[in-house]
Amino acid sequence: MTAPKKLFIKTYGCQMNVYDSERMAEALADQGYQETQTADDADMILLNTCHIREKAAEKIYSELGRLKPLKALNPDLKIGVAGCVAQAEGAEIMRRQPAVDLVVGPQSYHRLAEMEQQVRSGKSALDTDFPEEDKFEHLKSRPKAARAPAAFLTVQEGCDKFCAFCVVPYTRGAEVSRPATRVIEEARQLVDRGVREITLLGQNVNAYHGAGAHKDLTLAELIWELSEINGLERIRFTTSHPNDMQDDLIEAHRSCAKLMPYLHLPVQSGSDHILKRMNRSHTAQSYLELIERIRAARPDIMLSGDFIVGFPEETDADFQATLRLIEQVKYGYAYSFKYSTRPGTPAAERGQIDDAIANDRLAQIQALITRHQREIQESMVGRELSVLIEKPGRLAGQMVGKSEYLHAVHIDACSAAVGDIVRVRATEAKSNSLAALLV
Ligand code: SAH
Ligand code: SF4
Ligand code: F3S
């Protein structure tokens, strides 16, 4: 028997790339590849890339420059670029870095095995089409190996919202929902392999509408169906758009016990002028009213969000409105980014604001978000939480997992095993996690 070839995948960007990387590894396992944790001994290196901000995309070229010398050490080494940079830049990647053998866009992963054979025969391979067929249907079913207890499952991909700053509609294409029947089947396979928590993924996941056995299901209806699966204990979903937050989904947060009390609901800005210029089609007020309704249904829900500062034309008054909105919502987690010009998006044509001002706003917003984050984390101390154990901790006898609110929790003297869901009492808030003891 020949020794297995080794595959090293490095994943950048959002959770959808994490999911896709797993699927690509599964597809290449059929070609005799085994995953390895270092680039040094790999026969195939795949960078699964992100194009959301300029820095993210440029990082790929410096990484490729670092990887190139490995080809001199291993003549069999092939280097591939997948993900959103592959989609956005296509053949340009091979021109800029000739060491790249393969470029595959996010909608073409089902062709990866074929492309691998092509590069093994000495040719290069490029596929950035948006094919008619559904890649998910061509990727094989999930493997039998035992898995981590928490898994991602893509249910919807692409976006039709065209926010003025964002590349996703171009890199991932139009919004497409997978049939609910297939999602439920894949969820069952995951649960059979030991998964207890599933996070449903989509760029715009709450716009989900996929064919069920009798009719199209909304995201809430899909969640209710999934909650019937024995052994599946926790359901999450991300990322949601405020405009697609329907009543049935809010209702599920009230009454579906398996749906975790956590919601990532990006608003981007607290200024109506900027929201309009971003093409977000919601206002700060409509967003706040929505939050109110969600909190009425599920008072303890942990909210998280995304913000962009320094968007073209953003004045100090606009920025103050964003800070006010954050004060009003008080997020358990929030991610803030300095606006990055993306070629081909409408906002790229507009005048940029001064970089020093944008940096200053970023520092201010991050300080406020961090303060809230810390306060909320500290408010957990003394409370009883439920934790899904994910792995052993660094200290002897310690286990690490996630609370229902997605806080990382370290449990000392913990007799529970990976995959168990235990009740704990939080004893201390550390910088990025909670310490707790079993109750
Ligand atoms: N689908 C999700 C977000 C996808 S991108 C949604 O609609 O909310 C994740 C985050 O990256 C966005 O929420 C936004 O805050 C940020 N982002 C997107 N494009 C950006 C850009 N050009 N510059 C800076 N941040 C950006
Ligand atoms: Fe990008 Fe807007 Fe679509 Fe989110 S909703 S992926 S920010 S275009
Ligand atoms: Fe990045 Fe593509 Fe995800 S641009 S954030 S990897 S959808």
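In this predicted model, a nitrogen atom of ligand 1 is placed 2.7 Å from a polar backbone atom of Gln203.

| Residue | Protein atom | Ligand 1 atom | Distance |
|---|---|---|---|
| Gln203 | polar backbone atom | nitrogen | 2.7 Å |

Two strands, β15 (302-309) and β16 (333-338), are the elements that give two or more residues to the shell around ligand 1. That shell holds 15 residues, of which Phe165, Gln203, Gln268, Asp306 and Ser340 are the closest to the ligand. Sorted by class, the residues around ligand 1 comprise 6 nonpolar, 4 polar and 5 charged ones.

A further feature of the model is a pair of helices. The axes of helix α14 (residues 316-329) and helix α15 (residues 355-379) come within 10 Å of each other and cross at roughly 10°. Because angles under 35 degrees count as roughly parallel, α14 is described as roughly parallel to α15. On the α14 side, the contact is made by Asp316, Phe319, Thr322, Leu323, Ile326 and Glu327, while α15 contributes Arg361, Gln364, Ile365, Leu368, Ile369, Arg371 and His372. Taken by class, the residues of this contact between α14 and α15 divide into 6 nonpolar, 3 polar and 4 charged.

Technical notes:
Residues are numbered from 1 along each chain as its sequence is written. Chains are lettered from A and ligands numbered from 1 in the order in which they are written. This is a predicted model: local features need pLDDT of at least 70, side-chain atom pairs count only at pLDDT 80 or more; totals for chains, interfaces and linings use all residues. Side-chain values use heavy atoms; hydrogens and water are left out. Axes are lines fitted to C-alpha atoms, for helices over the stretch in contact, and angles run from 0 to 180 degrees between N-to-C directions. Helices (H or I, at least four residues) and strands (E, at least two) are DSSP runs, numbered from the N terminus. Angles under 35 degrees count as roughly parallel, over 145 as roughly antiparallel, 65 to 115 as roughly perpendicular and the rest as oblique. Contact means heavy atoms within 4.5 Å. Ala, Val, Leu, Ile, Met, Phe, Trp, Tyr, Cys and Pro count as nonpolar, Asp, Glu, Lys and Arg as charged, and the others, Gly among them, as polar. A residue is near a molecule or strand if one of its heavy atoms lies within 4 Å of it. A polar contact is a pair of N or O atoms within 3.5 Å; within protein, one must be able to donate a hydrogen and the other to accept it, and residues adjacent in sequence count only if both atoms are side-chain atoms.
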